[in-house]
Amino acid sequence: MDIAAVMTNVASVQRQYEFRVSGRLSDRTRDAVGDFSEMRIVAAPPETILYGAVTDQAHLHGILTFLEGLGLQIVSVHQLPGKDEGSSS
């Protein structure tokens with residue numbers, strides 16, 4: 001087994017996440033989030049939902065730190081099911 005190929009495949013896996021924050025994002029905050037990452041922002045009053053790809057645990061923590069640094073109150077974080085994932089047993 002080629003360990004380098006396995007590590008490359010694992011490193012390239014991106015999981016989709018949903019980040020729910022309290023309230024509506026200002027234009028300035030929307031711009032800051034857009035500059036930081038390619039996230040889709042959806043208003044869902046009384047919250048805002050951010051959807052984006054996360055490559056690994058460090059990336060996830062970086063996003064959470066960034067959102068908190070913007071003064072956003074994080075309501076929930078969920079990993080979304082992947083296309084290949086069925087229901088869990």
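Which residue in S3 does Gln-16 stand opposite? In the predicted model described here, where residues are numbered from 1 along each chain as its sequence is written, local features need pLDDT of at least 70, side-chain atom pairs count only at pLDDT 80 or more, and totals for chains, interfaces and linings use all residues. Side-chain values use heavy atoms, with hydrogens and water left out. The residue that Gln-16 faces is Ala-53 in S3.

The chain contains three helices and four strands, these being DSSP runs numbered from the N terminus (helices H or I, at least four residues; strands E, at least two). Along the sequence the elements follow the pattern α-β-α-β-β-α-β. The four strands form an open sheet in the order S2-S3-S1-S4, with antiparallel pairing, two strands being paired if DSSP finds at least two bridges between them. Strand S2 (40-44) and strand S4 (74-79) each have a single partner strand and stand at the edges, so one side of each is left without a neighbour in the sheet. On average, neighbouring strands of the sheet are turned by 20 degrees against each other, direction ignored. S1 and S3 run antiparallel and are joined by eight bridges. Helix H3 packs on the sheet and touches S1, S3 and S4, its direction making about 150 degrees with that of S3; axes are lines fitted to C-alpha atoms, for helices over the stretch in contact, and angles run from 0 to 180 degrees between N-to-C directions.

Buried residues (under 20% relative accessible area, against over 50% for exposed and in between for partly exposed; 1.4 Å probe, protein chains only) make up 26% of the 89 residues in the chain. With residues up to four places away in sequence not counted, the contacts of Leu-50 (heavy atoms within 4.5 Å) include Phe-19, Val-33, Ile-41 and Leu-67.

The structure holds one aromatic pair. The rings of Tyr-17 and Phe-19 have centres 6.1 Å apart and planes at 25 degrees, so the pair is stacked; rings of Phe, Tyr and Trp (its six-membered ring) pair if their centres lie within 6.5 Å, and planes under 30 degrees apart count as stacked, over 60 as edge-to-face and the rest as tilted. Tyr-17 counts as buried at 12% relative accessibility, and Phe-19 counts as buried at 0%.

Val-54 lies in strand S3 and is buried, with a relative accessible area of 3%. Val-54 and Arg-15 are 39 residues apart in sequence, yet 5.3 Å apart in space, C-alpha to C-alpha. Not counting residues up to four places away in sequence, Val-54 touches several residues, among them Tyr-17, Phe-19, His-59 and Ile-63. Thr-55, found in the loop between S3 and H3, counts as partly exposed at 34% relative accessibility. The C-alpha atoms of Thr-55 and Arg-15 are separated by 6.4 Å, and Thr-55 is in contact with Val-13 and Gln-14 when its neighbours within four places in sequence are left aside.
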